[in-house]
Amino acid sequence: MRRALKLALGGRHSARPNPRVGCVLVKDGRVVGEGFHYRAGEDHAEAAALRIAGPAAHGATAYVTLEPCAHHGRTPPCAQGLIAAGVTRVIYAAGDPNPRVSGGGAQALREAGIPCEGGLLAEEARAQNRGFLMRCEQGRPFVTLKLGMSLDARVALASGASQWITGKEAREDVQRLRAMSCAVLTGSGTVLADDPGLDVRDPRFDLGGRPPARIVLDSTLRTPPTARILAAPGQVWVFCTEGAESDRAQRLRDRGAKVEVLARAGAGLDLAALLARLAALELNDLMVEAGPILAAAFLRAGLVDELVLYVAPILLGPDARSAFNWPALHTLAEAPRLTVVDVARVGGDQRLILRPESP
């Protein structure tokens with residue numbers, strides 16, 4: 001199963017919106033076939049392993065990181081493929097929360113007389129597919145908030161200058177995070193101030209021809225048609241609260257962007273409605289790279305699952321712009337608490353991974 005989990009990483013940048021899955025077929029103590037799901041519409045992990053094994057799959061045990069599917073989607077059901085190949089036992093790590101599967105694959109195998117067991121290294125398998133599981137179980141993507149900041153939690157000088165607070169290695173690590181995301185989101189303020197591309201430029205990451213989408217939250221459609229975020233390959237969505245039929249919207253559409261209206265909540269877009277819409281678009285993992293106002297809005301709404309902070313060993317002073325536009329607190333009890341999951345050195349900077357302790 002550990003080998004299957006390692007194989008599943010072969011699709012970590014390309015399998016979206018499908019889960020990352022690996023499969024190993026073992027017969028008489030030796031591996032006769034193995035594979036992983038590379039891209040939606042192509043062979044699932046089980047089919048890839050069965051193709052390699054050929055007739056040797058008959059009588060083999062299949063180790064799969066996710067419960068085999070039992071429905072017709074972009075490809076035939078894997079459970080039926082395992083049955084037809086004559087596999088005599090199936091062990092899977094995590095159950096599939098997809099309502100079209102959810103126990104159906106295991107049931108189909110058992111009804112065919114094939115013993116089927118789940119739960120082996122389940123937590124590791126769930127961690128590999130946390131976004132897919134979040135979308136299926138809670139109806140929204142897994143949200144990672146990324147920020148680069150100084151030691152005193154500042155993201156830009158008072159003038160707005162921010163390039164570059166963190167070093168080259170940290171920026172390269174951000175490319176890795178983007179490559180593993182289904183979409184990268186920012187606000188119109190960041191687009192106007194920094195004109196970011198938010199794309200994956202590092203050729204080391206095999207995206208399977210499907211780069212992460214870019215998303216701009218832009219209530220009044222201030223994004224200029226010349227913005228770099230519209231130029232890179234891949235889909236772009238601009239979400240607004242008004243003006244979807246305006247000339248400004250049409251100019252964005254002419255550049256290939258999809259413009260949609262969402263409900264307003266307070267001073268901006270309804271973030272919960274946004275995430276529900278992104279789940280409907282089959283986006284599993286959302287990376288937020290935004291300014292202090294939007295970063296704080298996601299946190300205050302309880303919609304951040306993980307924070308990735310790149311902290312540079314510099315001090316920018318009290319007049320520099322804070323990483324979070326957080327309201328004044330009256331007591332320490334009001335302060336949101338986070339758990340440190342990991343700390344690592346990335347070049348000359350520190351990378352902290354944290355998770356909120358409660359919404």
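1. A residue is called buried when its relative accessible area is under 20%, exposed when that value is over 50%, and partly exposed in between. The structure discussed in this note is a predicted model. By this rule E289, with a relative accessible area of 8%, is buried. E289 belongs to the loop that connects strand 14 (285–288) with helix 11 (292–300).

2. When neighbours within four places in sequence are set aside, the residues in contact with E289 are K146, V174, R178, V184, L185, T186 and L198.

3. As to the chain as a whole, it contains 11 helices and 18 strands. For 359 residues a compact globule would have a radius of gyration near 21 Å, and the 23 Å found for this chain agrees with that. Along the principal axes, the C-alpha atoms occupy a box of roughly 70 × 45 × 40 Å. Of the 359 residues, 50% are buried. Among contacts between residues at least 6 apart in sequence, 70% link residues that are at least 24 apart.

4. Strand 1 (residues 22–27) and strand 3 run antiparallel and are joined by four bridges; here V24 stands opposite Y63 of strand 3. Strand 3 (residues 61–66) and strand 4 run parallel, with five bridges between them. Y63 also stands opposite I91 in strand 4.

5. Strand 4 (residues 89–94) is mostly covered, five of its six residues being buried. Three bridges connect strand 4 to strand 5 (residues 116–118), and these two strands run parallel. In that pairing, Y92 has G118 of strand 5 as its bridge partner.

6. Which residues of helix 3 (residues 78–85) are buried? They are C78, A79 and L82. These residues lie on the same side of helix 3, because the arc they cover around the axis is only 105°. In an α-helix there are 3.6 residues a turn, so residues three or four places apart point the same way. The buried residues of helix 3 pack against helix 2 (45–53), strand 3, strand 4 and helix 4 (104–111). After helix 3 comes G86, which has a positive phi near 85°.

7. Most residues other than glycine have a negative phi, and most peptide bonds are trans. The peptide bond from R16 to P17, however, is cis, with omega near 5°. P17 is placed in the loop between helix 1 (2–8) and strand 1.

8. A153 is not a glycine, yet its phi is positive, at about 60°. This residue is located in the loop between strand 6 (142–150) and strand 7 (154–156). Is A153 buried or partly exposed? Its relative accessibility is 29%, so A153 counts as partly exposed.

9. D195 likewise has a positive phi, of about 50°, although it is not a glycine. The loop that holds D195 runs between helix 8 (188–194) and strand 9 (213–217). With a relative accessible area of 28%, D195 is partly exposed.

10. T144 is part of strand 6. Its relative accessibility is 11%, so T144 counts as buried. Residues up to four places away in sequence not being counted, T144 touches R130, L286, M287, V288, E306 and V308.

Notes: Residues numbered from 1 in each chain as written. Predicted model: local features only at pLDDT ≥ 70, side-chain atom pairs only at ≥ 80, totals over all residues. Heavy atoms only, no water. Buried < 20%, exposed > 50% of the residue type's maximum accessible area, 1.4 Å probe, protein only. Pairing = 2+ DSSP bridges. Contact = heavy atoms within 4.5 Å. Arc of directions from axis to C-beta. Rg over C-alpha atoms; globule rule 2.2 N^0.38 Å.
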